[in-house]
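Please open the structure in your viewer and keep the selection tool at hand.

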Amino acid sequence: MLKVPLLPGACARVEHHLSRRLFLQGAGAGALGGFGRLFAADHAGAATKQGKHVILVFMSGGPSQFETWDPKTGRPTGGPHMNIQTAVPGFRIDEYMPNLARLANRTATIRSMTSDLGDHMEGHYLAQTGHKPTSVSATAPHWLSVCAHERPAAGGLPSYVVLGAEQGGNMAVPGPGFLGAGHQGLYCPGKGQGPEDLPAAGEKELDAFRRREALRSGLGAEFGRGRGVPAVGSHDAAFGAVGRLLASRDLFDITKEPPKRVEQYGPTALGRDCLLAARLVEKGVPFVRVQHQTGLAWDKHRRAFDSQRNLTHEFDTAVGALIDDLTGRGLWDTTLVVLMGEFGRTPGIEGQGPPGRNHWTKSWSMSLGGCGAKPGVVVGSTNDDGTAVKDRPVTIPDLFATFYALLGIDPAKELDFEGRPMPLTENGKGKPVKEVL
Amino acid sequence: MPPAKLVKAAKAYAVADGARREPLTMAQVRFHPTERRLLAACADRRVALWDLDGAVEERGKLGTAVVGALACPHDAGWVRALDVSPDGKWVATGGSDRRLKLWAWADGKPAATASKDVPAHDGWVEAVAFSPDGKLLVTAGADFKVKVWNAGDLSTLKVLPGHTRFARDVAWSPDGKVFVSGGEDGTLLVWDGKTFEPVRTIAFGDANEQFGQGPGLSGVHRLHVSRDSRWLAAAGGKKVDVYDLATGAAVATEKADTQVAFSPTDDVLTTGSSTAKVWAYDAAKFAPAKPDKNGKPGNPAALPGRELGQTKPGDNAVGVRFSADGKLLAFGKADGKVELWEVA
């Protein structure tokens, strides 16, 4: 038997010693490798059939509002991009977003977002948890983990799936926080691929997995007995979900989609992931996060006007197809699609070297639609040069309150963490944007 | 005698229109062929214009510079394409507003209003070039198309498909026999200067990548043809290749950024963008690359010749051009100034 060095103060009892080690192997497998990144809510008992979904397409890096939803064409801050008329009279957006222009009468756009964290990772955290990283008393969960907690999937499906990663770990893509590993999104590596590291297909392999899982859960139960360790239940949930995934592998298999449907999304990684997101929602997965490229692709400090239009075009193609697809399949009214990054970009065109725009939190834009969000609405505005919100400022807590309201989750609800009330948004401050509801 | 050195001129050139704004990056520069005037397409809907002999002023954030005027206004967007006719009588501008405009030159500047103004492409006009006889214009557009125009009335003579991504630049050979277009698809298309039919396709490679925060720019961003119409130089984000225009064979290569220009009087070539390097090249040593052991085309040798000088890394010369007499070299810079260097 291997001798395991003890940490100071650790219990020296041999059975605890052994079971901790084995338990940690199981937990480590879940966190780092093996069945790594395969976590999903296991609320089978509590699952209720619910019909609301979310697809969050996250535009990491800080998309420029000037080159997306709030162009200032012809102004000194406007840059080279032109704008085009949308399906909503008087509402114009960037010229490289013809699909979103066509679909503007199905979506709502907020042009008066305002926030105050201009660092990428802090911004990511705030824009996906509703909390500032410096002010949380417990690690805040991703809002889709909250959704998975509040509205778990039925029928053994994962409640929350994450498609693609961003550099920056749990700041870039926050985890389940105090909700525990059972509400972590099931990770897929992007480019339309399903979960990694699943055991091989086949009844024999499935039996082998079940035997290992029985051993692991038995050891976990032994470890937890008398300790009251919540993580044991959390990890049991995660591994239980793996077993169910093995029986439904084709959930993630976009090669089963007709070529015409694939083609509509464009030949890009984002296109593949938006297609997979639509497939997952269609099959009953309620919450999906899609990462648009890795490496802070929307962070155009330099050479913005050589590369922005390519990025915007692939975004518009994939997201436009997603909205069309969801609508065509009768899922639009029950699926909230959210298109946003962590902040916006400066009105001034300076950048670093060949021109671009720097970070800007004071006034920026995002778009959402479906799931009952009022279509064709444009909320708020900025001044002529886009240097400030002119009317109807919307904060990230307001935005989150709006998301929750659209999903039928009480924005004022408080979760519980070790007996402490945890509001869904920072200090419970968010108020739903009524114009969108 | 080939040039031996580069000397930075004392004067720099900038513009200001009174609006509160960031530096107007100078993207494409052109010397007027017959008058001591300098023009640049910048991060504005207008073209910057200077008297080369203008007085230097101290202008706060702009620093010390000859402060020019802004001319050739488009309604919106930025001027992306600029050229001056060989006789100096016309300026052509193309913009992100998709329009092509022709401006008569008189009294040392372009007219206040355009003589001709037409919708040119279904996308930004990325480049425009007068033919050596001044009778034709060729444009490259973000609609992936190249177009040939009658320079007299801006009527379209031919639309040339072929690129599969944004067409980024066009240049004529000085003998007028061909013109060349280059695009972000990584191809160079050589066209007959009289029939406008395709002559050959040259694979520059490395189509523009658009991933992450610092997308690797490549494909063709700028191209130029040498004074003797023999050599074609193309610049992507990673390299400058020199080709034998008659055969399409690559004969030299250098690590470089997005800009390139030949001298009209000497065997001198400059690259540009983050760092600009200037070479007196030895054309006698240009040689097609030898095939590799599998019989595939290999990489050509490094540019033969002597480096005359270079700018500091990060100096960002995003527009480069020699004067008609080959004695001046202009670097349009990201900091909003145009610097001149004497080629001696």
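Select chain B and chain A together: in this predicted model, eight residue pairs between them are in polar contact, both residues at pLDDT 80 or more. A polar contact is a pair of N or O atoms within 3.5 Å; within protein, one must be able to donate a hydrogen and the other to accept it, and residues adjacent in sequence count only if both atoms are side-chain atoms. The side of chain B that touches chain A has eleven nonpolar, eleven polar and ten charged residues, where Ala, Val, Leu, Ile, Met, Phe, Trp, Tyr, Cys and Pro count as nonpolar, Asp, Glu, Lys and Arg as charged, and the others, Gly among them, as polar.

Next, select B:Asp257 and A:Arg303, whose side chains form a salt bridge at 2.5 Å, N to O. Four salt bridges (a side-chain nitrogen of Lys or Arg within 4 Å of a carboxyl oxygen of Asp or Glu) cross the interface of chain B and chain A.

Now display the whole contact (heavy atoms within 4.5 Å): 32 residues come from chain B and 30 residues from chain A.

Finally, colour chain A by pLDDT, the predictor's confidence in each residue, from 0 to 100. Its mean is 84, and 82% of the residues of chain A reach 70 or more. Select residues 1-49 of chain A, where pLDDT stays under 50. Where pLDDT is low, the predicted coordinates should not be read in detail.

Residues are numbered from 1 along each chain as its sequence is written, and chains are lettered from A and ligands numbered from 1 in the order in which they are written. Local features need pLDDT of at least 70, side-chain atom pairs count only at pLDDT 80 or more, and totals for chains, interfaces and linings use all residues, while side-chain values use heavy atoms, with hydrogens and water left out.
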